[in-house]
Amino acid sequence: ITNEIPMTGQTQLRAGSVSKSITAAVVLQLVDSGMLDLDAPVSDYITDLDFDDGFGPPSTIGQLLTHTSGYEGKVMGSHSPDLASTESLAEVLHSDLPPRAFPPGMVASYSDWNYSLLGHAVEQVTGIPYPQAAEQIIFSPLGMVRSTFNQPLPVPILSDLAVGYGWKYSTGSYEEVPHDFVRLLPGIGLVTNGDDMGTFMRAVLS
């Protein structure tokens, strides 16, 4: 708005929940390679979390993928104004993972926590942080060189990142929204552009 810069296929954008499509692709690639099993409880891969919440066995990888795991969409705490704490995904899950609200497999309930658990399962079986796993499994093979889950953002991507604006009722105008950081990276942390996502869509559809 301020600089009236036209958006193009190379404009970097925060993808929000479109991030989940990348994480799902990462998980399914690992399923194909035998490193993950859709029917296995997530506790087979994440052994350092207490999943005991009164609803029986932990949710499966497949239930997490399809939002039928029983976790609710708790939004508070998904973002942070800075990276001062430098929390890992494991630390976020340890401190803030809510208990399931429903029996697994019974209710569809959209939740970023599903994909945070999937991302941490990916970390456990690959032995690398989730941003690097997504890079190695999806971005690099497809040539998606302008897509990343890394925080802070690489300078070339940050310099082309579209500015976000929000309506401020007290002034009756749109104002720039300060750039923050994402704690639940696998579900909402992707930064990408239209050209890269077109590449991803072609790969999925083919």
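Student: Okay, which residue does R183 form a salt bridge with, D96 being on my list to check, and how far apart are the closest N and O atoms?
Tutor: R183 pairs with D96, and their closest N and O atoms are 2.8 Å apart. A salt bridge here is a side-chain nitrogen of Lys or Arg within 4 Å of a carboxyl oxygen of Asp or Glu. R183 sits in the loop between β5 and α7 while D96 is in helix α3, so the pair ties together parts that are 87 residues apart in sequence.

Student: Before we go on, what kind of model is this?
Tutor: It's a predicted model, where local features need pLDDT of at least 70 and side-chain atom pairs count only at pLDDT 80 or more, while totals for chains, interfaces and linings use all residues. Residues are numbered from 1 along each chain as its sequence is written, and side-chain values use heavy atoms, with hydrogens and water left out.

Student: And how do you decide what's a helix or a strand?
Tutor: They're DSSP runs numbered from the N terminus: helices are H or I with at least four residues, strands are E with at least two.

Student: Back to R183. Is it buried or exposed?
Tutor: R183 is buried, with a relative accessible area of 14%. Buried means under 20% relative accessible area, exposed means over 50%, and partly exposed is in between, using a 1.4 Å probe and protein chains only. D96 is partly exposed at 24%.

Student: What else is in the network of salt bridges with D96 and R183?
Tutor: E87 is linked in with them. The side chains of E87 and R183 meet in a salt bridge of 2.8 Å, N to O. E87 lies in the loop between β2 and α3 and R183 in the loop between β5 (181–182) and α7, so this pair ties together parts that are 96 residues apart in sequence. E87 counts as partly exposed, at 32% relative accessibility.

Student: How many salt bridges does the count come to?
Tutor: Six. Among them is one between the side chains of E175 and K168, at 3.8 Å, N to O. E175 is partly exposed at 31% relative accessibility, and K168 is partly exposed at 37%.

Student: New topic: which residues touch the most other members of the largest nonpolar core?
Tutor: I22 and L117, out of 42 residues in that core. A nonpolar core is a set of buried Ala, Val, Leu, Ile, Met, Phe, Trp, Tyr and Cys residues joined through side-chain atoms within 4.5 Å.

Student: What does L117 touch?
Tutor: Not counting residues up to four places away in sequence, L117 touches V42, I46, L49, F51, L64, Y71, L93 and L97. Contact means heavy atoms within 4.5 Å.

Student: And α1, what do its buried residues pack against?
Tutor: They pack against α2, α4, α5, α7 and α8. The buried residues of α1 include I22, V26 and L30, and also K20. Just after α1, G34 takes a positive phi of about 85°.

Student: What about α8, which of its residues are buried?
Tutor: D196, M197, G198 and F200. They pack against α1, α5 and β6 (191–192).

Student: Last one: where's the cis peptide bond?
Tutor: From Q151 to P152, with omega near -10°. P152 lies in the loop between α5 and α6 (155–158). Another backbone detail is H67, which has a positive phi of about 60° although it is not a glycine. H67 lies in the loop between α2 and β2 (79–80).
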